Amino acid sequence: MTSMYIYYFGLLLFIAGAIIPLIYPQKMKRFAYIFPTVGACAFAAFGMYLLFDHPLDISAVSITPLLGFVFRGDAISGFFILLISILTFSVSVYSMGYTKNMANKGVMGVLFNTFILSMYAVILSGNVITFLISWETMSIISYLLVTFDREEESASAGLLYAIMTHVGTAFILTAFLLLYKYTGHMDFAGIKEATNDIPAGIKTIVFVFAVIGFGTKAGIVPLHTWLPRAHPAAPSNISSLMSGVMIKTGIYGILRIVVDILGVGPEWWGIAIIVIGAMSAVLGILYALTENDMKRFLAYSSIENIGIILLGIGASMVLASNGLHTLSAIAMTAGLYHTLNHTLFKGLLFLGAGSVVHATHSKNMEEMGGLIKLMPYTAFFFLIGSVSICALPLFNGFVSEWLTFQALLFDFKSASAVAKLIAPMSGAALAFTGAMAIACFVKVFGISFLGMPRSQHAENAKETSTSMLAGMGFLSLFCLLTGIFPGHTIKLFSSSVFLLTGADYSSSGMGILSMREISSSISPLSLFIVMISLFIAAVFLVRIFGGKRKITYGNSWDSGIPSLTSRMQYTATAFTNPIRVTFKKIYLSKRHTKVSYALKPYFAKAIEYRDDITPFFEKYIYQPVTDFIHSLAGKVKHLQSGDLHLYLGYILATLILLLIFWS
Amino acid sequence: MEKSFDLSLVNDFISVGILLTAIALNTLERLESCVKAYTYNSWLLFLLILVPAVTTNNPHLYVAASLTLATKGIVIPLFLRKIVYQQKLVHQVQPYISNLLSLTLSGILITIVYASLSKGISVTGFSNHALKISIAVILIGLLIMITRRKAITMVVGLLFMENGLFLTGFSLTSGMPVIIELGILFDVLMCVIILGVFIIQIRHKFYSVDLDKSTTIHDQLTTLKG
């Protein structure tokens with residue numbers, strides 16, 4: 001029962017946090033972020049309880065005897081509750097400093113708290129109605145947050161987001177209605193019990209619709225267009241929440257409906273998920289590479305990471321349909337581990353980007369540079385996030401990507417040739433993604449933090465406030481901890497893996513990840529210890545044998561040119577040029593070079609260079625659809641002529657038709 | 001027994017009268033005649049309620065009948081006549097379509113109503129014919145609203161529809177509770193007064209009561225939006 005009290009305590013804190021900023025005194029508005037900080041701790045405890053203990057029914061209001069708000073928690077929801085809580089805690093701490101000079105602080109506080117509450121509600125929903133209401137609430141509040149700064153660009157991004165998310169909801173609604181029609185249950189537990197009544201064809205339709213609907217929220221590739229526009233438009237603390245946890249609700253939906261409720265399906269379901277995952281990962285990172293807007297870049301990177309998560313989940317589904325349940329559990333562990341990791345490091349990176357944007361007043365990397373000297377702590381945390389997301393050892397990304405590779409390699413054990421073919425190909429895609437991710441983050445970190453300041457704003461940047469650093473530091477710590485203690489982390493959510501796959505994967509040892517099935521193992525903890533001791537040894541050796549050295553400071557080597565200017569540096573565009581040339585066919589890029597000469601052909605006065613990539617999906621899929629809808633709407637518009645008589649005529653025609661056909 | 005047979009026949013006659021006044025509306029050229037047609041229509045409605053009131057000696061029906069006469073038969077027509085007289089220049093109806101076409105359409109409407117209601121509807125009230133007629137009157141009222149240009153003819157069309165609705169209710173239930181009828185009558189009265197005020201306002205603002213020109217408001221709004 002204590003868990004219930006913890007739950008209500010957390011709930012109360014968030015509600016208080018939502019109401020307090022409405023009260024007038026400016027001083028009270030601080031509490032909008034203090035309350036959720038405590039509330040997040042309470043919910044984290046609640047999530048842990050769900051992960052370790054038994055599922056929990058939370059009594060709630062009923063609308064009618066048939067339908068009611070039902071909240072229900074089990075290990076799967078516990079895992080996602082924990083994710084949301086960890087990020088909420090850090091973002092709340094961060095927001096105390098971040099929102100200090102923000103306009104409409106009170107509104108921000110209300111939306112912030114209700115947004116988090118709505119995400120909790122989505123995860124804890126026990127039946128279809130509760131889920132849909134929470135889902136829509138989440139969408140609407142996030143729309144309000146995307147358009148929070150009331151600029152034209154945010155408004156159009158928000159519109160795109162609203163349309164996409166509602167199309168997604170339409171698919172989800174259809175999937176739910178089909179489930180209801182064939183099982184006669186509205187609550188998820190009842191549907192799950194009655195899934196055997198659903199014919200296979202209907203199951204497939206539900207699968208496809210659920211993947212499209214939840215995939216829209218998660219940002220899988222053909223449905224991703226809203227993500228790189230909406231996430232950057234929101235204030236950075238919100239972008240962090242959106243990228244860190246909101247898109248994970250899409251993953252949660254896929255897990256809940258496809259894996260948990262529909263259960264083990266035909267093999268091609270898993271293969272479809274793998275293909276979607278590989279496509280999202282590759283295209284996401286390729287588009288990220290060309291992006292010079294820092295936050296938009298991170299949003300594209302989120303698409304890539306959603307792809308990696310889906311690779312793990314898809315591999316798990318393939319293995320499950322081949323009856324290899326233990327291997328399936330390992331693959332699911334990989335997927336969930338990467339979900340956790342992405343929450344941590346993408347949340348961290350968005351907070352870091354928020355600090356940078358806050359300090360330089362620009363999202364464009366080409367206007368930054370040299371920030372490591374001005375904002376050393378932010379740079380350090382951003383570096384930790386980058387290293388984690390690039391899956392370098394010691395940090396968490398390494399563990400989950402390693403697991404995902406193993407999971408994909410397991411797919412060889414499945415029976416069908418298609419799965420055997422897909423497995424190495426998706427593994428190659430993942431490897432490619434990893435390489436590109438490194439290129440991407442070298443570019444982001446190098447261009448914005450290293451070198452010389454490229455603009456006035458970057459020169460005057462200042463280190464951000466303590467609370468913002470604390471928020472980032474907390475996430476960085478988690479990135480490190482989950483990176484060197486993978487065994488503990490996996491044990492933490494092994495109950496949700498068990499619930500999803502019916503099998504258990506417990507790796508042996510403290511810091512060692514080992515798999516008995518293929519006898520491969522790795523120990524990030526010992527790697528960590530080895531690296532630390534090597535470092536210390538190196539320092540000692542230098543001290544002992546190096547003798548005394550004098551440190552002199554001088555300017556960088558400048559090839560004899562009188563002074564270095566920031567314009568001599570690599571630009572972000574130049575840095576990625578080789579990759580853009582290599583993947584010309586994917587980018588469909590158009591280059592324009594214009595040279596004006598002082599004396600042809602030796603003395604160029606100015607060279608103008610432009611390289612535009614064609615966003616394939618926007619141009620060849622979304623644009624035609626939009627045009628079609630516009631032309632259709634133009635035709636329908638004639639119905640609404642503004643002529644009163646015509647409107648009355650419609651009524652008369654309807655009445656007559658009813659009279660004729662109804663009687 | 002003989003008396004009740006007489007009664008239903010009388011009622012059918014009155015109903016037909018109501019339908020005829022509605023049909024006549026199609027051919028009337030002047031606004032005053034339209035108002036007059038409505039007056040006759042209301043009086044016939046009053047009679048229709050009065051007959052069962054006398055035969056069954058039901059005090060409820062007496063009240064309903066007298067209220068109908070007072071509002072629909074006297075107050076509203078007088079008010080409408082006043083509005084018509086205030087329009088100094090043109091007292092012509094100016095329909096969109098010719099009277100002949102209007103009449104033909106009314107005929108088609110009546111045919112549809114009779115054809116579609118001939119089966120499947122059991123009437124608990126006093127007359128099956130009254131029900132059909134009442135629906136025909138509603139549709140003709142709507143037709144008048146659609147095909148006439150002026151605001152006041154639209155009001156007349158609306159009032160015919162309302163009378164038709166009243167007749168429908170009456171034919172199905174032989175008199176609703178007084179309090180409901182009272183409410184409806186009051187509503188209609190208020191509605192006409194408000195519409196009258198609107199007509200006068202429209203004329204002041206747009207120098208015309210021709211609703212054709214109200215589309216310009218819509219156009220202006222769309223250009224503003226665009």
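**View 1. Confidence along chain B of the predicted model.** The model is a predicted one, and for chain B as a whole the mean pLDDT is 79, with 78% of its residues reaching 70 or more.

**View 2. Helix 1 and helix 2 of chain A.** The axes of helix 1 (residues 2-19) of chain A and helix 2 (residues 31-52) of chain A come within 8 Å and cross at roughly 160 degrees. Because angles over 145 degrees count as roughly antiparallel, helix 1 of chain A and helix 2 of chain A are roughly antiparallel to each other. The crossing in which helix 1 of chain A passes helix 2 of chain A is left-handed.

**View 3. Residues in the contact of these two helices.** On the side of helix 1 of chain A, the contact is made by residues including I6(A), F9(A), L13(A) and F14(A), while helix 2 of chain A contributes, among them, F35(A), V38(A), F43(A) and Y49(A). The residues of this contact divide into 18 nonpolar and four polar, with no charged residue.

**View 4. The interface of chain A with chain B.** This contact takes 15 residues from chain A and 20 residues from chain B. Between them, chain A and chain B bury about 1,500 Å², of which 77% lies on carbon and sulfur atoms. Of the area that chain A buries against chain B, 41% is supplied by H645(A), L652(A) and L659(A), more than by any other three residues.

Conventions
Residues numbered from 1 in each chain as written. Chains lettered and ligands numbered in written order. Predicted model: local features only at pLDDT ≥ 70, side-chain atom pairs only at ≥ 80, totals over all residues. Heavy atoms only, no water. pLDDT = per-residue confidence, 0-100. Axes fitted to C-alpha atoms, helices over the stretch in contact; angles between N-to-C directions. Helix = DSSP H or I, 4+ residues; strand = E, 2+ residues; numbered from the N terminus. Parallel < 35°, antiparallel > 145°, perpendicular 65-115°, else oblique. Left-handed = near helix turned anticlockwise from the far one by under 90°. Contact = heavy atoms within 4.5 Å. Nonpolar A, V, L, I, M, F, W, Y, C, P; charged D, E, K, R; others polar. Buried area = accessible area lost by both parts, 1.4 Å probe.
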